[in-house]
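Dear colleague,

Please find below the structure for your files. My notes on its pockets, surface and salt bridges follow.

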Amino acid sequence: MSEEKGICAGTVLLSFLAGAAAGAGLALLYAPKSGSEMRETIADLAEDAVDKIKEYTREAQEKIKTAIEDGKETIVEKKSILASAIEAGRDAMQKEKERSAGV
C-alpha cells in the first residue's frame with residue numbers, strides 16, 4: 001500500500017522509529033526518577049539512537065552501492081546488445097545494397 005503512494009519502505013521504517021523514539025522520550029520525561037537518573041537514561045537512549053542511525057546509514061549506503069553496481073552491469077549488457085544489433089543492421093544493409101547492385 002505504501003509503495004502505491006510513492007513512499008518507500010525505508011521512509012516508513014524511519015518514520016516509525018522516529019515516532020517510537022519520541023514516545024520513549026516522553027515516557028521517560030513523565031517517569032518518576034531523579035534528575036541524575038533521568039539524564040543518564042536520556043543519554044543512554046540518545047547514544048542507542050545514534051548507533052542505530054549510523055547502522056541504518058551504513059546499510060543504506062551498501063544498498064545504494066549495490067544498486068549502482070547492478071545498474072552499471074545492466075548498462076554494459078544493454079550497450080553490448082545494442083552494439084551487436086547495430087552491427088547486424090549494418091551487415092544486413094550492406095548485403096541488401098550488394099544484392100540490389102547485382103540485380
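How do the residues of the lining of the largest pocket divide into nonpolar, polar and charged? They divide into 12 nonpolar, 1 polar and 2 charged (Ala, Val, Leu, Ile, Met, Phe, Trp, Tyr, Cys and Pro count as nonpolar, Asp, Glu, Lys and Arg as charged, and the others, Gly among them, as polar).

Please note that this is a predicted model, in which local features need pLDDT of at least 70 and side-chain atom pairs count only at pLDDT 80 or more, while totals for chains, interfaces and linings use all residues. Residues are numbered from 1 along each chain as its sequence is written, and side-chain values use heavy atoms, with hydrogens and water left out.

Pockets

The largest pocket has a volume of about 370 Å³ (a pocket is an open set of points on a 1 Å grid over the protein atoms alone, where a 1.4 Å probe fits, with protein on both sides within 12 Å along at least five of seven lines; lining residues have an atom within 4 Å of a point). Its lining has 15 residues, and Leu 17, Ala 21, Leu 45, Ala 49 and Lys 52 lie nearest the centre. The elements giving two or more residues to this lining are H1 and H2 (helices are DSSP runs of H or I, at least four residues, numbered from the N terminus). H2 provides the largest share, 8 residues.

For the second largest pocket, the volume is about 250 Å³. Among the residues that line it are Cys 8, Leu 17, Tyr 56 and Lys 63. H2 gives the most to this lining, with 6 residues.

Surface patch

Leu 26, Leu 29, Tyr 30 and Ile 42 make a nonpolar surface patch of about 470 Å² (patches are made of residues with over 30% relative accessible area and no salt bridge, nonpolar side chains being joined within 5 Å). Helix H1, residues 9-30, contributes the most, with 3 residues.

Salt bridges

There are 2 salt bridges in the structure (a side-chain nitrogen of Lys or Arg within 4 Å of a carboxyl oxygen of Asp or Glu). One joins Glu 69 and Lys 72 at 4.0 Å, N to O; these residues are 3 apart in helix H2 (residues 35-102), or about one helical turn. Another joins Arg 99 and Glu 96 at 2.7 Å, N to O. Arg 99 counts as exposed, at 56% relative accessibility, whereas Glu 96 is partly exposed at 37% (exposed means over 50% relative accessible area, buried under 20%, partly exposed in between, with a 1.4 Å probe and protein chains only).

Yours sincerely

Key: Patches are made of residues with over 30% relative accessible area and no salt bridge: like charges are joined within 9 Å, nonpolar side chains (Val, Leu, Ile, Met, Phe, Trp, Tyr) within 5 Å. Accessible areas come from the Shrake-Rupley method with a 1.4 Å probe; for residues, only the protein chains shown count as cover. Grid points are joined across faces, edges and corners, and a volume is the space filled by probe spheres set on the points.
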